[in-house]
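I open this notebook to record what I looked up in the structure shown below. The entries follow the order in which I consulted it.

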Amino acid sequence: MPADTAPLSSASAPGRIVLCAALPAGGVAPLTPDILPPLPGFVTHTTCLPLPDCGADWRVGTRLVAAEPTACPDMTLHMEKTEKTGKAAKNGMEAGKGDDGQNAVLTVVGRLLLPRPPLPKAPQGDGESRFSPHTWPCPLLRTLHPLAAGRRCFTILPPLPGPDGRPSWSLAWITLSDKGAAGLRHDESGPLMAELTRAGLPLHHEQGFLIPDDVNALRALVLELSLGQGYDLVLTSGGTGLSPRDATPEALLPLFDRRLPGFEQAMMTASLAKTPTAALSRAVSGTIGKTIVLTLPGSRKAVRENLEAVLPALPHALEKLHGDPSDCGSPEQGKHA
């Protein structure tokens, strides 16, 4: 089965969602279980499309592609008047055609933890509803085309592959800066990380974050991005030096499943070739689940030097981490390195 049409799991069978309110192109809303009451601006699914446990199959970049009406024979296509035209329009299958030619209209860009609705009334109690102490992990969806309120049938597909048929990847970049997080300094290193990575890797999704130099905040964010949302590559900038607030290595080393010393050595070698003060850098690299995490210095110059030193090895590293069985150094692998 082609990589761009392989189902993610049993949940990939066509299922229905109910759009509670119209969303413009680029609009974002959580996909909530049908047990939750409809909320304006929220996307809700029915029992035909169950949420996987902990959102494990809803990694960022996952696509919801419009399916044929016959795929959901029990779904009633209905007519309603739109505000713009005042004319009746079919809302069941009306979706703009995506760039991949498969009517992709929604893509996963994150997740939210939303509280569950009240539990049913106790059979022998005071008759009042009881609140559940639990939450639902709900995928956060972005619309690629304007969508009117109504019911639609979708199939869940993995992220689009790269232009050469090889995998594409998701990137999260994190800038650590007390002044930046306080709005006192413009973030320059973060966008540069995205620009350089975009030039060296096929990306299907990218997102930036700006936080203070705080160990707990960084740990929480990196764990959520890697294990919670399934980002393939996480880059950080800042906190690798000797200043009192520089604690990026201390924050992330306990989280790594495996260190990547070759990446660390390559970055140090490239930096030392430019300046002897590069020896002060304590940048580290490693894996968390199926995510590669690279820590970079805070300056734009150092970000470029360090990232350009490892970018050529990243495609193969990501593919191997995700289970590519090909031999390292094989002609086929070298063709795409």
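**Entry 1: β4 and β9.** I looked up Val 65 and found that it stands opposite Thr 155 in β9. Strands and helices are DSSP runs numbered from the N terminus (E, at least two residues, for strands; H or I, at least four, for helices). β4 and β9 run antiparallel and are joined by four bridges; two strands pair if DSSP finds at least two bridges between them. I noted that six of the eight residues of β9 (residues 150-157) are buried, so this strand is largely enclosed by the rest of the structure. Buried means under 20% relative accessible area, exposed over 50%, and partly exposed in between, with a 1.4 Å probe and protein chains only.

**Entry 2: basis of the model.** I recorded that this is a predicted model, in which local features need pLDDT of at least 70 and side-chain atom pairs count only at pLDDT 80 or more, while totals for chains, interfaces and linings use all residues. Residues are numbered from 1 along each chain as its sequence is written, and side-chain values use heavy atoms, with hydrogens and water left out.

**Entry 3: confidence.** I checked pLDDT, the predictor's confidence in each residue, from 0 to 100. The chain averages 78, and 70% of the residues score at least 70. Over residues 46-56 pLDDT stays under 50, and the model has 27 contacts beyond four places in sequence for them. Over residues 73-102 it also stays under 50, here with 64 such contacts. Contact means heavy atoms within 4.5 Å. Where pLDDT is low, the predicted coordinates should not be read in detail.

**Entry 4: the chain as a whole.** I found eight helices and 15 strands. Of the 337 residues in the chain, 45% are buried. Among contacts with a separation of 6 or more, 76% are between residues 24 or more positions apart.

**Entry 5: Thr 62.** I located Thr 62 in the loop between β3 (43-45) and β4 (63-66). Is Thr 62 buried or exposed? It is buried, with a relative accessible area of 0%. Its side chain reaches the backbone oxygen of Arg 59 at 2.7 Å. This is a polar contact, a pair of N or O atoms within 3.5 Å; within protein, one must be able to donate a hydrogen and the other to accept it, and residues adjacent in sequence count only if both atoms are side-chain atoms.

Entry 6: I followed α3 (215-228) towards β12 (233-237). α3 has 14 residues and reaches 19 Å from its first C-alpha to its last, close to the 20 Å expected at 1.5 Å a residue; the expected span is 1.5 Å times one less than the number of residues. At its start, a side-chain oxygen of Asp 214 reaches to within 3.2 Å of the backbone nitrogen of Asn 216. The buried residues in α3 are Leu 218, Leu 221, Val 222, Leu 225, Ser 226 and Gly 228. Just after α3, Gly 230 takes a positive phi of about 75°.

Tyr 231 lies in the loop between α3 and β12 and is buried, with a relative accessible area of 1%. Beyond four places in sequence, its contacts include Val 60, His 205, Leu 225 and Lys 290. The C-alpha atoms of Tyr 231 and Lys 290 are separated by 8.2 Å, although the two residues are 59 apart along the chain.

**Entry 7: β15 and its partners.** I then turned to β15, where six of its six residues are buried. Thr 291, Val 293 and Thr 295 point one way, and Ile 292, Leu 294 and Leu 296 the other way. β12 and β15 run parallel, joined by five bridges, and Thr 236 stands opposite Thr 295. β14 (residues 285-288) and β15 run antiparallel, joined by four bridges; Gly 286 has Val 293 as its bridge partner. In the hairpin of β14 and β15, with two residues between the strands, Gly 289 takes a positive phi near 65°.

**Entry 8: nonpolar cores.** A nonpolar core is a set of buried Ala, Val, Leu, Ile, Met, Phe, Trp, Tyr and Cys residues joined through side-chain atoms within 4.5 Å. In the largest, of 23 residues, those touching the most other members are Leu 233, Leu 235, Ile 292, Leu 294, Leu 307 and Leu 314. α2 gives the most to this core, with four residues. Apart from it lies another core, of 18 residues, among them Tyr 231.
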